[in-house]
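User: I have a structure to go through before the group meeting. Can you walk me through it?

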Amino acid sequence: MNVKDTVSSLIKKYGTSNPFELAAHLNISVLFEELGTIRGYYNKPLRMKQIHINCNLDRHIQKYTCAHELGHAVIHPKASTPFLRSETGLSVDKMEIEADTFAVNLLIPDEVILENYCHTVEQLSRVLGYEKAMIELRLKSYRDL
């Protein structure tokens, strides 16, 4: 199942696209903490899935961060990207792109893309409040239908 289908399946099953609500349905703890310059991370200590979110981010960015980390929890449930990055030197780029793809598909439904089809990427970025790169990633998955 691809990332877009995974997102659609979760939304259909639980009746929500809110990442905080989905995390609760999936028994994933969401913790708000002082994380300095880090937006958030996912880990699984003692087989308990946890999403850590920087408490100093604005609510919109916290929601995106939760969606991104939820992507890791769903798509890469056994991986710890902070560990892989710091301890093994392995590239985690593919996992990060998949988590971003999960997040933008969760937070920006097809209907929003369709309703705003005449907007540029920059306009969509301003309207929706997400970085241009995230809008481009979402548009790519919309076109791949």
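**Core, sheet and a buried polar residue**

Analyst: Let's begin with L70. Leaving out residues up to four places away in sequence, L70 touches P19, L22, A23, L26, I28, I51, F102 and L106. Keep in mind that this is a predicted model.

User: Which residues have the most contacts inside the largest nonpolar core?

Analyst: L70, I108 and Y130. That core has 29 residues.

User: How do β1 and β3 run, parallel or antiparallel?

Analyst: Parallel, with five bridges joining them. E33 has N54 in β3 as its bridge partner.

User: And β2 with β3, parallel or antiparallel?

Analyst: Antiparallel, over four bridges. G40 stands opposite I53 in β3. Y41 has H52 in β3 as its bridge partner.

User: How many residues lie between β2 and β3 in the hairpin?

Analyst: Six. L46 sits in that turn and has a positive phi of about 50°.

User: How many residues of β3 are buried?

Analyst: Five of its five, so the strand is described as mostly covered, with buried meaning under 20% relative accessible area.

User: Which residues of β3 point one way, and which the other?

Analyst: Q50, H52 and N54 point one way. I51 and I53 point the other way. All of them are buried. In a regular strand, side chains alternate between the two faces of the sheet.

User: New topic. Where is N105?

Analyst: In helix α5.

User: Is N105 buried or exposed?

Analyst: Buried, because its relative accessible area is 6%, and the cut-off for buried is under 20%.

User: What is N105 in contact with?

Analyst: Setting aside neighbours within four places in sequence, N105 is in contact with K4, V7, R138 and S141.

User: With which side chains does the N105 side chain make polar contacts?

Analyst: One is the side chain of K4, at 3.4 Å. Another is the side chain of S141, at 3.2 Å.

User: How far apart are N105 and V3 in sequence and in space?

Analyst: They are 102 residues apart in sequence. In space the separation is 8.3 Å, C-alpha to C-alpha.

User: C66 and C118: buried or exposed?

Analyst: C66 counts as buried, because its relative accessibility is 0%. C118 is at 57%, so that cysteine counts as exposed. The cut-off for exposed is over 50%.

Conventions. Residues numbered from 1 in each chain as written. Predicted model: local features only at pLDDT ≥ 70, side-chain atom pairs only at ≥ 80, totals over all residues. Heavy atoms only, no water. Core = buried A, V, L, I, M, F, W, Y, C linked by side-chain atoms within 4.5 Å. Buried < 20%, exposed > 50% of the residue type's maximum accessible area, 1.4 Å probe, protein only. Contact = heavy atoms within 4.5 Å. Helix = DSSP H or I, 4+ residues; strand = E, 2+ residues; numbered from the N terminus. Polar contact = N/O pair within 3.5 Å; in protein donor to acceptor, adjacent residues only side chain to side chain. Pairing = 2+ DSSP bridges.
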